[in-house]
Amino acid sequence: MQASECAPRRVAALDLGEVRTGVAVSDTGGSVARPLAILSPEDLSGCLRSLVEEENVKEVVVGVPKTLGGEIGFQAKRVLQKLESLRDEFPGVRFVEWDERFTTRLVTGTGTGSRGRGKKARKPVDDLAAARMLQEYLYTRGGN
């Protein structure tokens, strides 16, 4: 048995977007999610590799933006394509598809996808959306 097999495992979440991706990670007990970063698409693989190797992440929740009717639309298809490439790149990681409808609105209290009002309103909330999604996932699996 390797030392990494005994180490506490974290769960991560990704809010994949065309322009940026929100990343969140759980505590070692798998009960509390926290926002970690907002990344460009180019930085995603490196960040995920660090989480897998340094933080012992073995499971990643990926938000799939389904339509209001719960169907797979254009954006969800794009996310699922990216998810397949991540599964190929990280074969030892379990990727979980998660319905992320309304996550951004729940985080901001609006439909704008931004924090606060005025100048603060332009700051993206992708990391907060990923944390919200991860917290919901952890709760449903009994982590909280």
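This report walks through the fold, the cores and the salt bridges of the chain shown above.

The model is predicted, so local features are described only where pLDDT is at least 70 and side-chain atom pairs count only at pLDDT 80 or more, while totals for chains, interfaces and linings use all residues. Residues are numbered from 1 along each chain as its sequence is written, and side-chain values rest on heavy atoms, with hydrogens and water left out.

**Overall layout**

Let us start with the whole chain. The protein chain holds 5 helices and 5 strands, where helices (H or I, at least four residues) and strands (E, at least two) are DSSP runs numbered from the N terminus. From the N terminus on, the order of elements is α-β-β-β-α-β-α-β-α-α. Of its 144 residues, 39% count as buried; here buried means under 20% relative accessible area, exposed means over 50%, and partly exposed lies in between (1.4 Å probe, protein chains only). Among contacts (heavy atoms within 4.5 Å) with a separation of 6 or more, 62% join residues 24 or more positions apart.

**The sheet and its helix**

The 5 strands of an open sheet follow the order E3-E2-E1-E4-E5, with mixed pairing; two strands pair if DSSP finds at least two bridges between them. Strand E3 (33-39) and strand E5 (94-99) are the edge strands, each pairing on one side only. From one strand to the next, the twist averages 25 degrees. Axes here are lines fitted to C-alpha atoms, for helices over the stretch in contact, and angles run from 0 to 180 degrees between N-to-C directions.

Strand E1 (residues 10-15) and strand E4 (residues 57-64) run parallel and are joined by 5 bridges, with Val57 in E4 as the bridge partner of Arg10. E2 and E3, by contrast, pair in the antiparallel sense over 6 bridges. Their hairpin has 6 residues between the strands, and Gly30 there takes a positive phi near 70 degrees. Helix H2 (residues 44-54) lies across E1, strand E2 (21-26), E3, E4 and E5, running at about 5 degrees to E2.

Thr21 is buried at 2% relative accessibility, and its bridge partner in E3 is Leu39. Beyond its neighbours within four places in sequence, Thr21 has contacts that include Leu14, Ala37, Leu44 and Asp126.

**Two cores**

A nonpolar core is a set of buried Ala, Val, Leu, Ile, Met, Phe, Trp, Tyr and Cys residues joined through side-chain atoms within 4.5 Å. The largest one has 23 residues, and those with the most contacts inside it are Leu14, Leu51, Val60, Val62, Leu86, Phe90 and Phe95. Two or more residues come from each of E1, E2, E3, H2, E4 and helix H3 (74-89), and H2 gives the largest share, 5 residues. Not counting residues up to four places away in sequence, Val60 touches Ala12, Leu14, Leu48, Val93, Arg94, Phe95 and Val96.

A second, separate core of 13 residues includes Val11, Ala13, Ala33 and Ala130. Val11 lies in strand E1 and is buried at 3% relative accessibility. Leaving aside neighbours within four places in sequence, Val11 is in contact with residues including Ala24, Val61, Leu134 and Tyr137.

**Salt bridges**

The whole structure has 9 salt bridges, each a side-chain nitrogen of Lys or Arg within 4 Å of a carboxyl oxygen of Asp or Glu.

| Pair | Closest N to O |
|---|---|
| Asp126 and Arg20 | 2.6 Å |
| Arg87 and Glu97 | 3.6 Å |

Asp126 is buried at 13% relative accessible area, whereas Arg20 is partly exposed at 31%. Arg87 lies in helix H3 and Glu97 in strand E5, so this pair ties together parts 10 residues apart in sequence. Arg132 and Glu136 both lie in helix H5, 4 residues apart, about one turn of the helix. Finally, Glu59, Arg94 and Arg141 are linked in a network of salt bridges.
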